[in-house]
Amino acid sequence: CKLLGLSINICSILVGFFVFLSGLTIWNSFDSVIRNFFMVGCGVFIIVTECYYFPNLMAYFQCHTTICGRGSFFCLLAFLCFMNGDGLHVFCMSFILFVVALFMIYAFVCALWLEQSFGCPPP
């Protein structure tokens, strides 16, 4: 379904934005600087790969081409967002985990009810 594929791409772009935003906020120690550089880089990677499809690059990032792999990657980023613990970071973590829950529901519906494969559509 084209609408579900488009909603997955939009949700992933929003996750990339919130990861990028969470990485830009608190820079008070060496640990947070390294973590924030990682989160800013991951946010930019998510946004760019959702807006443009790079098949040669995606061959090296196989976890980002399936719903379950993308959900696992987003869970890691959500818990990294929570490391600072203020209101913005808790909101970013909650939103990312909500998107992961939507992805898992989509995967289970496709696999169990519709009996179809459920890979991530390219943009």
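## Buried or exposed

A residue is buried when its relative accessible area is under 20%, exposed when it is over 50%, and partly exposed in between, using a 1.4 Å probe and protein chains only. Cys68, with a relative accessible area of 38%, is therefore partly exposed. Cys42 is buried, because its relative accessible area is 8%. Of the 123 residues in the protein chain, 37% are buried.

This is a predicted model, where local features need pLDDT of at least 70, side-chain atom pairs need pLDDT 80 or more, and totals for chains, interfaces and linings use all residues. Residues are numbered from 1 along each chain as its sequence is written, and side-chain values use heavy atoms, leaving out hydrogens and water.

## Overall build

The protein chain has five helices and zero strands. Its pattern along the sequence is α-α-α-α-α. Helices are DSSP runs of H or I with at least four residues, strands are runs of E with at least two, and both are numbered from the N terminus.

The protein chain exposes about 7100 Å². Carbon and sulfur atoms supply 75% of that area. Accessible areas come from the Shrake-Rupley method with a 1.4 Å probe, and for residues only the protein chains shown count as cover.

How far apart in sequence are the residues that touch? A contact means heavy atoms within 4.5 Å. Among contacts in the protein chain with a separation of 6 or more, 62% join residues 24 or more positions apart.

## Bonds and bridges

How many disulfides does the structure hold? The count is zero. A disulfide is a pair of cysteine sulfur atoms within 2.5 Å.

Side chains of opposite charge can pair when their charged atoms come close. A salt bridge puts a side-chain nitrogen of Lys or Arg within 4 Å of a carboxyl oxygen of Asp or Glu. The structure holds one salt bridge. Arg70 pairs with Glu50, and their closest N and O atoms are 2.8 Å apart. The pair links distant parts of the chain: Arg70 is in helix α4 (residues 67–81), Glu50 is in helix α2 (residues 30–51), and 20 residues separate them. Both Arg70 and Glu50 are buried.

## How α2 meets α4

Two packed helices are described by the angle between their axes and the distance between the axes. For α2 and α4, the angle is about 145° and the axes are 11 Å apart. Axes are lines fitted to C-alpha atoms, for helices over the stretch in contact, and angles run from 0 to 180 degrees between N-to-C directions.

The crossing of α2 and α4 is left-handed. That term applies if the near helix is turned anticlockwise from the far one by less than a right angle; clockwise makes it right-handed. Which residues in α2 meet α4? They are Arg35, Phe38, Met39, Cys42, Ile46 and Glu50. On the α4 side, the partners are Arg70, Phe73, Phe74, Leu77, Leu80 and Cys81.

## Ser22 and Asn36

Ser22 sits in helix α1 (residues 2–23). Its relative accessible area is 1%, so Ser22 is buried. Not counting residues up to four places away in sequence, Ser22 touches Asn36, Met39, Cys81, His89 and Cys92.

Asn36 belongs to helix α2. Asn36 counts as buried because its relative accessibility is 0%. With residues up to four places away set aside, Asn36 touches Ser22, Gly23, Ile26 and Trp27. Asn36 and Gly23 are 13 residues apart in sequence, yet their C-alpha atoms are 4.3 Å apart in space.

Gly71 lies in helix α4. Is Gly71 buried or exposed? Gly71 is buried, because its relative accessible area is 3%. Leaving out residues up to four places away in sequence, Gly71 touches Val100 and Met104.

Val100 is in helix α5. At 8% relative accessibility, Val100 is buried. Beyond its neighbours within four places in sequence, Val100 contacts Gly71, Phe74 and Cys75. Val100 and Ser12 are 88 residues apart along the chain, and their C-alpha atoms are separated by 9.5 Å.

Leu102 also lies in helix α5 (residues 87–113). Its relative accessibility is 36%, so Leu102 counts as partly exposed. From Leu102 to Gly71 the C-alpha distance is 9.4 Å, and the two are 31 residues apart in sequence.
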